[in-house]
Amino acid sequence: MALNLVKGIIFLSPTVLGILGNVTVFVNYVLLLGGTEMKSVQLILIHLAFTNIIILFAKGIPKTVSAFGQGLFLHDTGCKIIVYLERVARGLSICTSSLLTVTQAGTMSPTDSMWRRLKLKSPRHILSIFIWFWILNSLISMNLPLSIISINSVNISQITKDDKYCYFVPEGWIIRWTFLMLMVLRDAVFLGIMGGSSGYLVFLLRRHHQRVLHLQSSKFLYKTPPEIRAAQSVLFLMLCFLVFYWADCAFSMLFSSSLNINSVMLNIQEYVTLGYAMLSPFVLIHRDEQTVLLIFSVTKFEMNLSSAIPCIKQNRVKVAEMHRDLWSDYQPADCSP
């Protein structure tokens, strides 16, 4: 019982923080879109935050409930929905992160560069790419609803129900390898694009750093432009993504080649799967001044509101007392003849 409580808290705390962080990033950039001209990077960050929210709800919340020892809470339909959404959202995370690096590289590149041509100038292009991402990842994961059932529908003797809530029915080797190769091909293509654009961003930042050193040696006052800070944030995001992605791949390869799988290692692998969705919003919050100002303004408003409520109640009491005293002293005039 105590072990389930500890595991539940370990999954619950970062899941809730990750959801709150992604909601903050999502709301912040939606408000920015409403007040200014729509920018491609802002649309991509909104879609990335929305994708992370889906992952945390579809993966983090069920895993937290299961860790508390309540593994028998989903039926077949619920298992099909959450596992399918989680798999589609993971694919969307890879595609969106790759698109973010390409767009940022196009933004920073010179006007005569090839990368400049890849910059998406119209929000319609971004939205059409998002639709294509959803269609692609929905088709790649279309085998999951047919091979997933609730753990309630499985004989206890077939599996161990420790921290599990859904069960994958073994598929035929043709279907399994077909969809596996499609997933590997998708990941290879978008990771290659991400690596190439990230390398180009590193080259641009290195060249910018050399210019900064020249300006500092010339005793000029220099301030880092927002494009450079945005590029640094994107590179740090991609580094986090690659660390969690390859760690997840390493755990998957380890489990596929091992007969005895430790439950602790399984929990670590589940935690790594959620790592990027939990961490990425706080990277954006730390780097983005607009998000920090939004959080500060909301907190300040709540503090002012909480301090003003007692004063409002006190004033209402005083007005009521004055009103009562006024009518108690009032004597109607004698109008009788």
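In which sense, left-handed or right-handed, does H2 pass H3? I looked: the crossing is left-handed. For handedness I call a crossing left-handed if the near helix is turned anticlockwise from the far one by less than a right angle, and right-handed if clockwise.

**Ground rules.** I am working on a predicted model, where local features need pLDDT of at least 70, side-chain atom pairs count only at pLDDT 80 or more, and totals for chains, interfaces and linings use all residues. Residues are numbered from 1 along each chain as its sequence is written, and side-chain values use heavy atoms, with hydrogens and water left out.

**Overview.** I listed eleven helices and two strands. These are DSSP runs numbered from the N terminus: helices are H or I with at least four residues, strands are E with at least two. The order along the sequence is α-α-α-α-α-α-β-β-α-α-α-α-α. Of the 337 residues, 38% are buried (under 20% relative accessible area, 1.4 Å probe, protein chains only).

**H2 and H3.** I found their axes within 8 Å, crossing at roughly 155°. H2 is therefore roughly antiparallel to H3. Axes are lines fitted to C-alpha atoms, for helices over the stretch in contact, and angles run from 0 to 180 degrees between N-to-C directions. My orientation cut-offs are under 35 degrees for roughly parallel, over 145 for roughly antiparallel, 65 to 115 for roughly perpendicular, and oblique for the rest. The H2–H3 contact holds 14 nonpolar, nine polar and three charged residues. Ala, Val, Leu, Ile, Met, Phe, Trp, Tyr, Cys and Pro count as nonpolar, Asp, Glu, Lys and Arg as charged, and the others, Gly among them, as polar.

**H2 and H5.** Next I took H2 (residues 40-67) against H5: the angle is about 25°, with the axes 9 Å apart. That makes H2 roughly parallel to H5. The crossing is right-handed. H2 brings Ser 40, Leu 43, Ile 44, His 47, Phe 50 and Ile 54 to Pro 123, Ile 126, Phe 130 and Trp 134 of H5. Contact here means heavy atoms within 4.5 Å. I sorted the residues into eight nonpolar, two polar and no charged.

**H3 and H5.** Last, H3 (residues 76-108) packs on H5 (residues 123-140) at about 140°, axes 9 Å apart. The pair is therefore oblique. Its crossing is right-handed. From H3 I noted Tyr 84, Val 88, Gly 91, Leu 92, Cys 95, Thr 96 and Leu 99; they meet Ile 129, Phe 130, Phe 133, Trp 134, Asn 137 and Ser 138 in H5. The classes are nine nonpolar, four polar and no charged.

Conventions. Buried means under 20% relative accessible area, exposed over 50%, partly exposed in between (1.4 Å probe, protein chains only).
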